[in-house]
Amino acid sequence: MNFVNSTTDAIQLDRVVFFGRTLSEYVKFFDLDLSQWQKCRILDCPAGAASFVAEVHQMGIDAVACDLLFNLDETNLRAKGQADLAHVMERLADVTHNYNWDFYQNIEKLNECRHTALENFLADYPNGRQVGRYIQTVLPKLPFSDRSFDLVLSGHFLFLYSDCFDYAFHWQTILELYRVCSQEVRIYPLQGKDAQPYAFLNNLINDLNNAEIAAEIVDVPWEFLKGSNQMLRLWR
Ligand SMILES: C[S@@+](CC[C@H](N)C(=O)[O-])C[C@H]1O[C@@H](n2cnc3c(N)ncnc32)[C@H](O)[C@@H]1O
């Protein structure tokens, strides 16, 4: 794999952003075959402004999204989502050479894609929140019983923000994602914002194996940030 060389080339985000992707992007970076999960219950955690749950719900799949900010209403989330999107696009403009543009083509189209995700998420959020499809959670704890989801997806949070969260937080969060899953947990990407692989990945896999949790690194058909073409998969 070719990783970005210089840590000074990293995207300089000053916070964990309320940001989200679409179903078609989730399918690629989690290497998802949704026909396998049609009758299953899926958790997206943390979901941010992703439209994944809104979109799979329309396909008849039972899915729940959770995030620290799901105590906020639609108006506040739109404001936060738009501000964070502007922040990411501004910072991304400095480091576009670190990314592959074959999917998005350019930064303007990427921005449109992220706005689409935000608006599709917001369209589902008010009603979805009332029926329990969007739930506020504060990791590393989850308010769900053991094995209550077949598949648990965690994108663009763990490892990515490893400058903000220590190993203990990662460990506790991953154990919690595993606790609430009955089949599989998938975590993407394995890089930090500095585009380097998570420094403690080998320790983590050893610790998981010592806890008798099956874990492996798997290639995925997606590489927007150069070198980010693998996920961590845990299974029962
Ligand atoms: C980049 S977004 C997730 C994006 C989405 N999963 C995707 O792949 O498109 C990261 C999210 O983590 C949430 N977050 C930060 N700290 C958290 C915590 N302790 N518990 C739950 N969510 C948290 C933020 O509110 C933010 O929405």
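Biologist: Let's say buried means under 20% relative accessible area. Is D124 buried or exposed, then?

Modeller: This is a predicted model, and in it D124 has a relative accessible area of 12%, so D124 is buried.

Biologist: And which residue does D124 pair up with in a salt bridge?

Modeller: That's R133, with the closest N and O atoms 2.8 Å apart. R133 comes out at 10% relative accessibility, so R133 counts as buried too.

Biologist: OK, how many salt bridges are there?

Modeller: The count is 14. One of them joins the side chains of R179 and D146, at 2.7 Å from N to O. R179 belongs to helix α5 (residues 167-179), while D146 is in the loop between β3 (134-136) and β4 (149-155), so that pair links distant parts of the chain, 33 residues apart.

Biologist: How accessible is D146?

Modeller: D146 has 53% relative accessibility and counts as exposed. R179, at 24%, is partly exposed.

Biologist: What about R78 and E74?

Modeller: Their side chains form a salt bridge too, 3.8 Å from N to O. They are 4 residues apart in helix α3, which puts about one helical turn between them. R78 is partly exposed at 25%, and so is E74 at 30%.

Biologist: Which residues are linked in a network of salt bridges?

Modeller: E184, R186, E216 and R233. R233 also has its charged end over the ring of W235, 4.5 Å from the ring centre.

Biologist: What does the charged end of R236 sit over?

Modeller: The ring of Y178, at 3.9 Å from its centre.

Biologist: Switching to rings: how many aromatic pairs are there?

Modeller: The count is 29. Take F29 and Y188: their ring centres are 5.1 Å apart and the planes sit at 15°, so the pair is stacked. F29 is in helix α1 (residues 23-29) and Y188 in strand β5 (residues 181-188), so the pair links parts of the chain 159 residues apart. Both residues are buried.

Biologist: And how are the rings of W101 and F224 arranged?

Modeller: Edge-to-face, because their planes are at 90°, with centres 5.2 Å apart. W101 is in the loop between α3 (74-92) and α4 (107-130), and F224 in the loop between β6 (214-219) and β7 (230-235), so this pair ties together parts 123 residues apart in sequence.

Biologist: Is W101 buried or exposed?

Modeller: W101 is buried, at 19%, and F224 is buried at 12%.

Biologist: Which residues do ring pairs link into a cluster?

Modeller: Among them are Y26, F29, F30, F52, W101, Y188 and F224.

Note on methods:
Residues numbered from 1 in each chain as written. Predicted model: local features only at pLDDT ≥ 70, side-chain atom pairs only at ≥ 80, totals over all residues. Heavy atoms only, no water. Phe/Tyr/Trp six-rings, centres within 6.5 Å; stacked < 30°, edge-to-face > 60°. Helix = DSSP H or I, 4+ residues; strand = E, 2+ residues; numbered from the N terminus. Buried < 20%, exposed > 50% of the residue type's maximum accessible area, 1.4 Å probe, protein only. Lys NZ or Arg CZ within 6 Å of the ring centre and 35° of its normal. Salt bridge = Lys/Arg side-chain N within 4 Å of Asp/Glu carboxyl O.
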